[in-house]
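Subject: Structure handover

Hello,

I am passing on the structure we talked about. Please look through the sequence and the 3D view before reading my notes.

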Amino acid sequence: MTKLFSKPRKILAIAAHPDDLEYYIGGTLARLSQSGSEIIATVCSNGEKGGAGNNLGEIRKREQELAGKILGYKKVIFLEQPDQGLKANIHLNKKLVQLIEKVNPEVVFTFDCEKSLSFWEHSDHWAVGEATLEAIRSLRDKISTKYLYLFCSRTPDVLIDISKTVGLKIKAFCAHRSQNHFPGILKISSWYILKMTKRYRLATNYEFVESFRRIDLIYK
Ligand SMILES: [Zn+2]
């Protein structure tokens, strides 16, 4: 499946750190916002341990806001949880339950914690994916969420053509300047993103692709 939704949707995209959404699914989110979907991005931690400096968390929040503007997010919500210490525990679960119930999205994007692309995936990513799924399960009769799109997945079944938005994806990723401040790093990051998104080129005929594992909740 390579098509996006036939009509605009209310979308909640949940990640662990500033830059996760842009890095993994920025091209898809740009396409969705361009076609009228409402995207509410949620970042569980401020990424305050992703470098040096006392106020890195605040800097990264501002970078995330800028990246969100580039890709057309309606808003960014910060759950202010500890960086490099996220756990799929009752605390994070409670925050996500409150968020998901309030937003009541039709579609949720988050990390694939069950079939993660890499065994070495960042533990914060696993935790956010797991806590999000658990929150949705517990809200089964209270929300109208129809689809889960899990990214960073080992077994994707949805391949989205981002050939027209890959430039925006890279621009949004580069807005996270605190993570890309070494000389030449932006060039290397851009090259790596292009390499990653070319992975499914032969399977799809699309130059640049982002991949997802979809879980259908319609028959809940
Ligand atoms: Zn991350």
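This is a predicted model: local features need pLDDT of at least 70, side-chain atom pairs count only at pLDDT 80 or more; totals for chains, interfaces and linings use all residues.

Residues are numbered from 1 along each chain as its sequence is written.

Helix packing

Helices (H or I, at least four residues) and strands (E, at least two) are DSSP runs, numbered from the N terminus. Axes are lines fitted to C-alpha atoms, for helices over the stretch in contact, and angles run from 0 to 180 degrees between N-to-C directions.

Helix α3 (residues 90-103) and helix α4 (residues 123-138) have axes that come within 9 Å of each other and cross at roughly 55°. That makes α3 oblique to α4; angles under 35 degrees count as roughly parallel, over 145 as roughly antiparallel, 65 to 115 as roughly perpendicular and the rest as oblique. The crossing of α3 past α4 is right-handed, a term used if the near helix is turned clockwise from the far one by less than a right angle, with anticlockwise being left-handed. On the α3 side the residues are L92, N93, L96, V97 and I100, and they meet A127, A131, T132, E134, A135, I136 and S138 in α4. Two residues are in contact if their C-beta atoms, placed from the backbone, lie within 7 Å. By class, this contact of α3 with α4 has eight nonpolar, three polar and one charged residues. Here Ala, Val, Leu, Ile, Met, Phe, Trp, Tyr, Cys and Pro count as nonpolar, Asp, Glu, Lys and Arg as charged, and the others, Gly among them, as polar.

The axes of α2 and helix α5 (residues 166-174) come within 8 Å and cross at roughly 165°. That makes α2 roughly antiparallel to α5. A67, I70 and L71 in α2 meet L168, K171 and A172 in α5. The contact of α2 with α5 has five nonpolar, no polar and one charged residues.

Seven of the nine residues of α5 are buried, so α5 is largely enclosed by the rest of the structure. A residue is buried if 20 or more other C-beta atoms lie within 10 Å of its own, exposed if 12 or fewer, and partly exposed in between, with C-beta atoms placed from the backbone. The buried residues of α5 are V166, L168, K169, I170, A172, F173 and C174. Their cover includes α1, α2 and α6 (185-197).

Nonpolar core

A nonpolar core is a set of buried Ala, Val, Leu, Ile, Met, Phe, Trp, Tyr and Cys residues joined through C-beta atoms within 7 Å. The largest one has 59 residues, of which A13, L29, F109, V128, Y149 and F151 touch the most other members. Not counting residues up to four places away in sequence, A13 touches L21, L29, I39, A41, T42 and F109.

Single residues

C44 is in strand β2 (residues 38-45) and counts as buried, with 29 C-beta neighbours inside 10 Å. Leaving out residues up to four places away in sequence, C44 touches A16, L79, Q81, L86, L92 and V128.

N46 lies in the loop between β2 and α2. With 23 C-beta neighbours inside 10 Å, N46 is buried. Its C-alpha atom is separated by 29 Å from that of S35, eleven residues apart along the chain.

Y73 lies in the loop between α2 (56-71) and β3 (75-81) and is buried, with 24 other C-beta atoms within 10 Å. Y73 and I39 are 34 residues apart in sequence but 4.9 Å apart in space, C-alpha to C-alpha. Beyond its neighbours within four places in sequence, Y73 is in contact with S33, I39, A41 and G68.

Lastly, backbone angles. Most residues other than glycine have a negative phi. D19 has a positive phi, near 95°. D19 is in the loop between β1 (10-15) and α1 (20-34) and is buried, with 26 other C-beta atoms within 10 Å. Q84 also has a positive phi, near 55°. Q84 sits in the loop between β3 and α3 and is partly exposed, with 14 other C-beta atoms within 10 Å.

Regards
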